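Let's take a look at one protein chain together. Have the picture open while you read, and follow along piece by piece.

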Amino acid sequence: MVSSRSFVRTTMVLALGAVALTGCVTISDPQSETPPGNAPEVSSSSTTQPAPGSPTETTPPTTAPAPTTEPPPTTDPAQPAEPQSWAQTVNLVQSGVARISVNSCTSSGLGTGFLIDNDLILTAAHVVDGAAAINVAVGQEVVSADVLGINQAADLALLRTARDVEGHIFTLVENEPMIGENVAALGFPLRADLTFTEGNVSGLDRVNANISDLIQTDTALNPGNSGGPLIKVDGSVVGVISSKKAWVVGTRDADDYSAEGTGYAVTAPRAAAAATEWQQRAVPVAAANCGTTTPNGGSDIIIAVDSSHDQATNVAQSLLIHGQGINRAAYDTAYAVFTEQMQTAMSSVEEWSSELGTSYWRELNVFDVSGEGDTLTASVLLRTEQAAIHGTDGQTCSVWNLQYSLLWDGAAWRIDSVTQPDGSAVPC
């Protein structure tokens, strides 16, 4: 069974700076502040009106006039107030953080990204390197994505989603942050839901995993954080999270020492320059070829999530890993979404996939998710296309009403059984 991976590149530094990577975290993984507006100028002169009943000529006052008070500066009601706390910041920007699910030909992984436009997501290169298919969850929306640009030497990548999604659009700062500046990370570490961790900028112009000009931070980072935004309290991005150092020497013996508080991020100016260049591309980077030509649309699956269950988008992403694996002939990846019990019932990946060579998922609607804890039920409508010889009653386009039973195994939602409440598929 192929295990899932979470991306947050972890490095172990060897003597003389040589680096080894554990997967991709692999565990499986400036500041340009605008000063507040000046208060309006107020004249220092004052005019005293005679009190009722006093002589018409004015006499010099016997006491000093009361000091004038400057009115408070006004704010533009069209501009949102700048966040004053991390809680306000997270509430403002969290809708733009993307949970990225990646299929390679033999495994799947999870990382983080963030919106810089309604159809553009910045992330780390090692999150999507070798991807055969990608889907992203932004808020309650799930959509497939392609790699528009990738640079492993800078550990940066830009994704373009199949359609626009709604969410906060992040702004990248024009200069590097200052050492000691307070920063925070947003992402999906260890396959958890959106997580916030806070720290400081520890250093600048650092080198890690052969990547230079990095920001060092003591912000807590874990597998799954890779590609996420490192932000200031105003919500602006100072860096794209890249890696962390786990061990000083890397031998993990008595002479070795674990490394603490040594995370790294690619600077925002470097990321902004790369994204600007990649947006001029007209053709996405080719996906990994898993041994099929995938005619008639490749791995893209139209997806809708209509359930309000708090795990609905996570369930949808697991089902998409399965469907995209089928579409790209990444059958090992698709098969790994099954529980061990389900795999036993299927006998083997070869037997299960023997008639899938002409079958493709086209549309998936997750209209209901129910249950709690480690067991959920997902009711879906699925549209597939296939050769007539492999279709129900010779159908080349079919609509299936399916009910999936899913189990949480500590890493992902796995398919434990599938039933058809309405019987066989019907023609499209």
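Two residues are in contact when they have heavy atoms within 4.5 Å. Helices (H or I, at least four residues) and strands (E, at least two) are DSSP runs, numbered from the N terminus.

## Ground rules

This is a predicted model: local features need pLDDT of at least 70, side-chain atom pairs count only at pLDDT 80 or more, and totals for chains, interfaces and linings use all residues. Residues are numbered from 1 along each chain as its sequence is written, and side-chain values use heavy atoms, with hydrogens and water left out.

Which residues of α1 are buried (under 20% relative accessible area, with exposed over 50% and partly exposed in between; 1.4 Å probe, protein chains only)? In this helix, residues 86-93, they are Trp 86, Thr 89, Val 90 and Val 93. Looking down the axis of α1, these buried residues fall within an arc of 95 degrees (taken from the directions from the helix axis to the C-beta atoms), so they line one face of the helix.

That buried set packs against β4 (97-103), β10 (182-187), β11 (195-208) and β13 (229-231). On the face turned away from the buried side, you'll find the exposed Ala 87 and Asn 91.

## Strand β15 and its partners

Strand β15 (residues 263-267) is mostly covered, with five of its five residues buried. Strands pair if DSSP finds at least two bridges between them. Four bridges link β15 to β12 (residues 211-217), running antiparallel, and Leu 214 stands opposite Val 266 there.

β14 (residues 237-247) is also antiparallel to β15, joined by five bridges. Here Lys 244 has Gly 263 as its bridge partner.
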